[in-house]
Amino acid sequence: MGRITRRAFAAVAAGALTGALSTASGAPAAATGTDTTAATGTRRGRSTSMRGMWVATVENIDWPKASGPDADTHRRELRELLDTAAQRRLNAVFLQVRPAADALWPSPHEPWSKYLTGTQGQDPGWDPLGYAVEEAHARGLALHAWFNPYRVANHADRSRLVATHPARRNPDWAVPYGGKLYYNPGLPEVREFVLDAMYHAVENYDVDGVHWDDYFYPYPVAGQQFDDNHAFREHGGDFTSRADWRRDNVDRLVLGMRDRLRAHEKVSFGVSPFAVWRNRSTDPAGSRTSAGVQTYDDLYADTRKWVREGWLDYILPQVYWHMGFRAADYRELVPWWNEVAKGTGVKLYIGEAAYKVADPAQPDAWHDPAELSRHLTFCRDHRQVRGNVFFSAKHVAADPIGAISQVVRDHYR
């Protein structure tokens, strides 16, 4: 197996800044507008700029608030979140429909998510994705289907998976690592399977986008190695570097979805990566940051390449840090991504850390209700930035210290 040529187509962080430079566990943490191009991927929305929020289902972060059999409560909670999005003058929601090798729709490939009923594989008696699409569109909101490609479980015990789970029927597909279970990106059959599983939602629902978060190869865990030795021996081809081979595996997944979506021109395709591609101390082309994680080196995701090659419709980096944060300054990363996106035709949206607002564990900047609004003001001076997305829905709804209300007053009137 050879490398893909450059034109073949188109959270827990580790390191010295572990605590400061990690995302929430369910965070990728889109595109909307009034036109119908593949780059925006929607016929809906009040504005040509992105105004979105993530709705995380893993570990019931945003929705449903609790697993259980009460479908009426789950539907009501979902409607309330969509109402919140509309009231805040947003125009898109990113609903996590495949949080952990499972499904929030009747999938022939993977079991029903345990985050619905509390029991993996149990039919909830309704179709959450179908309902979400209908209700979102009724409010003028675009609905982007958010998938996590490789996470199987937030534990490493295969026996806890439903007996029919693909990771039990194909035990060689999954790798335990850091107390969790992941599909092995180095196996061609795994890549094909996860593409099939995700694409089924696109074929059967009027979704406006396919959205992936920041988890490709797992975030590094100190003292542990991701065991893909056998896969590298079998499928490494002419690669002498395992890191290059891993990046090629992730490239192939991106290109595989891009190829499939050619049949769905109005469905946009985007990724929301950890915002630091590489530090400048590692690569002169990198950002002036000192992050403990670099997506290129640690997650084996060459996000900059995907933009430069035009493999995506949009990129949505999670710039989850405040202005003036020395290790990863918002004022450094937004301009860096602006330059990456320039001239590519790939839309740039910025992920915003609404979950940090008023958090006692965060520094003073996050206790200022104007911090998020200043972010959007800063973005206006960067022509490639086409909007912002907030993690996550429950924080958009709660509006701590009025920070979201200030964003709406300042930017969404």
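**Close-up views of a predicted model**

View 1. In strand S6, Tyr182 is the bridge partner of Arg151. Two bridges join S4 to S6 (residues 180–183), and these strands run antiparallel; strands are DSSP runs of E with at least two residues, helices are runs of H or I with at least four residues, and both are numbered from the N terminus. The open sheet holds three strands in the order S4-S6-S5, with antiparallel pairing, where two strands pair if DSSP finds at least two bridges between them. Strand S4 (151–153) and strand S5 (174–177) are the edge strands, each pairing on one side only. From one strand to the next, the twist averages 35°.

The model is predicted, residues are numbered from 1 along each chain as its sequence is written, and local features need pLDDT of at least 70, while side-chain atom pairs count only at pLDDT 80 or more. Totals for chains, interfaces and linings use all residues, and side-chain values use heavy atoms, with hydrogens and water left out.

View 2. Helix H3 (residues 128–138) is largely enclosed by the rest of the structure, because eight of its 11 residues are buried, buried meaning under 20% relative accessible area, exposed over 50% and partly exposed in between, with a 1.4 Å probe and protein chains only. The buried residues are Pro128, Leu129, Tyr131, Ala132, Val133, Glu135, Ala136 and His137. They pack against helix H1 (71–87), strand S2 (92–98), helix H2 (114–117), strand S3 (142–147) and helix H5 (188–204). Just after H3, Gly140 takes a positive phi of about 75°.

**View 3. The packing of helices H5 and H7.** H5 and helix H7 (residues 242–260) pack at an angle of about 35°, with their axes 10 Å apart; axes are lines fitted to C-alpha atoms, for helices over the stretch in contact, and angles run from 0 to 180 degrees between N-to-C directions. The contact, meaning heavy atoms within 4.5 Å, involves residues of H5 including Arg191, Leu195 and Tyr199, and residues of H7 including Asn249, Leu253 and Arg260.

**View 4. Gln318 in a loop.** Gln318 lies in the loop between strand S9 (314–315) and helix H10 (330–341), and is buried, with a relative accessible area of 1%. Gln318 and Asp213 are 105 residues apart in sequence, and their C-alpha atoms are 9.2 Å apart in space.
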